[in-house]
Amino acid sequence: GLSDLIEGVSANLPSLARSWDGERMDGLLLLAPTVGSVGYAGVGDFEMAGDGRLSRRRERTVAPFVYAGVAIFKPEIFANRPMAPFSLNRVFDELIGKGRLHGVRLEGTWLHVGTPEAIRQAERTIQLSAE
């Protein structure tokens, strides 16, 4: 689904870039809180440790964070992959297995606009934030 963002106190892309540490990580994801994101009705994707390391949502639980669609990866993790389309979830799971996938919580409000109703919710949220 498509998504957008009402920025918080600081812009998220520079914050993501500043958080990158190639010594500790091969991937860094921008994450939105599962609760409080506009137009998102899912159960989240990830749990995040104090050091930012990610793990998958446990079965029958709601994870605190959902992938917001922006990430930094070391280019070499794509080196030997087929050129055909594939799910990034494969990459996420490989990096989680090595303890090398980290996350950064975004500032502001994440707008997930994957359905017509979510688009209406997003439009209302943007109007309110502009007032």
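This is a predicted model: local features need pLDDT of at least 70, side-chain atom pairs count only at pLDDT 80 or more; totals for chains, interfaces and linings use all residues.
Figure 1. Because 7 of the 7 residues of strand 2 (residues 27-33) are buried, the strand is largely enclosed by the rest of the structure.

**Figure 2. Pairing of strand 2 with strand 5 and strand 6.** Strand 2 and strand 5 (residues 65-73) run antiparallel and are joined by 6 bridges. Within this pairing, alanine 32 has valine 66 of strand 5 as its bridge partner. With strand 6 (residues 101-105), strand 2 pairs in the parallel sense over 5 bridges. Here the bridge partner of leucine 30 is valine 104 in strand 6.

**Figure 3. Buried and exposed residues of helix 1.** Asn12, Ser15 and Leu16 are the buried residues of helix 1 (residues 12-19). They cover an arc of only 100° around the axis, which puts them on the same side of helix 1. The exposed residues Leu13 and Arg18 are carried by the face turned away from this buried side. In general, an α-helix has 3.6 residues a turn, so residues three or four places apart point the same way.

**Figure 4. The edge-to-face pair of tyrosine 67 and phenylalanine 92.** The model contains 4 aromatic pairs. In the pair formed by tyrosine 67 and phenylalanine 92, the rings are 5.2 Å apart centre to centre, with 80° between the planes. Tyrosine 67 belongs to strand 5 and phenylalanine 92 to helix 2 (residues 88-97), so the pair ties together parts that are 25 residues apart in sequence.

**Figure 5. The stacked pair of phenylalanine 73 and phenylalanine 92.** Phenylalanine 92 is buried, with a relative accessible area of 3%. The ring centres of phenylalanine 73 and phenylalanine 92 are 6.3 Å apart and the planes lie at 20°, so this pair is stacked. It links distant parts of the chain, with phenylalanine 73 in strand 5 and phenylalanine 92 in helix 2, 19 residues apart. Phenylalanine 73 has a relative accessible area of 17% and is therefore buried, the cut-off being under 20%.

**Figure 6. The aromatic cluster.** One aromatic cluster is formed by Phe46, Tyr67, Phe73, Phe78 and Phe92. Among its members are the edge-to-face partners tyrosine 67 and phenylalanine 92, and phenylalanine 73, which is stacked with phenylalanine 92.

Conventions: Residues are numbered from 1 along each chain as its sequence is written. Side-chain values use heavy atoms; hydrogens and water are left out. Buried means under 20% relative accessible area, exposed over 50%, partly exposed in between (1.4 Å probe, protein chains only). Helices (H or I, at least four residues) and strands (E, at least two) are DSSP runs, numbered from the N terminus. The arc is that of the directions from the helix axis to the C-beta atoms. Two strands pair if DSSP finds at least two bridges between them. Rings of Phe, Tyr and Trp (its six-membered ring) pair if their centres lie within 6.5 Å; planes under 30 degrees apart count as stacked, over 60 as edge-to-face and the rest as tilted.
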